[in-house]
Amino acid sequence: YQDYLGSRLELLDLATGSRQLIHQSSDPFEAPNWTLDGGSLIYNTSGSGEGRGRLHRFDLLTRQPALIDTGDVVRNNNDHVVSFDGTMLGISSHTEGGSAIYTLPIGGGEPQRITPLTPSYLHGWSPDGKWLVYTGGRNDQYDIYRIPSDGRGPEERLTDHEGLDDGPEYSPDGRHIYFNSTRSGTMQIWRMKPDGADPEQVTDDELNNWFPHLSPDGTEIAFITFPKEVDPGDHPYYERVYLRRMSAQGGDPEVIAYVYGGQGTINVPSWSPDGTMLAFVSNSGME
């Protein structure tokens, strides 16, 4: 992408379907996380300009962003996750060999590297705080792995299937990991036990469904859907996409927003703590 579009930070009221634009910039940014106190959103800057790869905390009261101190780790991508207790931030940052995973206090500080192997893209933190779950590229095959969140143990491979497995996220009760996979042809939502056992398909349609995010009470999932014309293994920028939600047990998805976006729109967990809203990024040309 030589020419990046501007970004718009929006809130979606799930009860009414209304959308509120709360911030926009000609410099692209991506992937809002909601902090546990409900007062801020965390996003990464992207594009090709100065400051690319920094993380910012957007205060919902003042409507102003502030830089998060991540020490020397400053090439951060759109795979960042807040721990369930709200005290820690897990980030993915480009280093020699590709993306690696780090953790740091939610208020900022010098990150601790967790994954020795690259590329590794973080997507989930276990409810008990003991595990990080992520997508790892090993020998040109992308599968789902977990690793102790303190870095004191080897990674464990949870999937081993031809095609792409991506976007893993724990359910709030810790009983399942939801993820998206091309193993059935198109990209669909699946879930499995925390040790990788008993995978089962959750969505089944001709569209391409990515990045399942569990509601705080664990009853629903929200995800982004790309049209069938997009390669199942790709989630590009600047497409006409849907945000959809459905029961975490399966069923018929409901369209909750039509968005011009894609990559960076809703890559990370982005439900409000009370479960009433979603935060997401859309794109548009801006002067």
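**View 1. Residues around the largest cavity.** The largest cavity is lined by Tyr4, Ser7, Pro28, Phe29, Glu30, Ser46, Tyr237, Tyr238, Gln263, Val281 and Asn283. This is a predicted model, where local features need pLDDT of at least 70 and side-chain atom pairs count only at pLDDT 80 or more, while totals for chains, interfaces and linings use all residues. Residues are numbered from 1 along each chain as its sequence is written, and side-chain values use heavy atoms, with hydrogens and water left out. A cavity is a set of points, on a 1 Å grid over the protein atoms alone, where a 1.4 Å probe fits but cannot get out, and lining residues have an atom within 4 Å of a point. How much space lies in the largest cavity? About 40 Å³, a volume being the space filled by probe spheres set on the points, which are joined across faces, edges and corners. β3 and β23 (277–284) each supply at least two lining residues; strands are DSSP runs (E, at least two residues), numbered from the N terminus. By class, this lining has 6 nonpolar, 4 polar and 1 charged residues. Here Ala, Val, Leu, Ile, Met, Phe, Trp, Tyr, Cys and Pro count as nonpolar, Asp, Glu, Lys and Arg as charged, and the others, Gly among them, as polar.

**View 2. A sheet that includes β3.** Four strands form an open sheet in the order β3-β4-β5-β6, with antiparallel pairing. Two strands pair if DSSP finds at least two bridges between them. Which strands are at the edges? They are β3 and β6 (64–67), each pairing on one side only. Between β3 and β4 there are 4 bridges, and Phe29 has Thr45 in β4 as its bridge partner.

**View 3. Inside the largest pocket.** The largest pocket has a volume of about 550 Å³. A pocket is an open set of points with protein on both sides within 12 Å along at least five of seven lines. Of its 27 lining residues, Asn77, Asn78, His94, Tyr121 and Gln263 are the closest to the centre. Two or more lining residues come from each of β4 (40–45), β11 (120–125) and β19 (208–214). The lining divides into 7 nonpolar, 15 polar and 5 charged residues.

**View 4. Inside the second largest pocket.** This pocket holds about 440 Å³ of space. Among its 21 lining residues, Trp34, Val82, Phe84, Pro269 and Trp271 lie nearest the centre. By class, the lining has 13 nonpolar, 7 polar and 1 charged residues.
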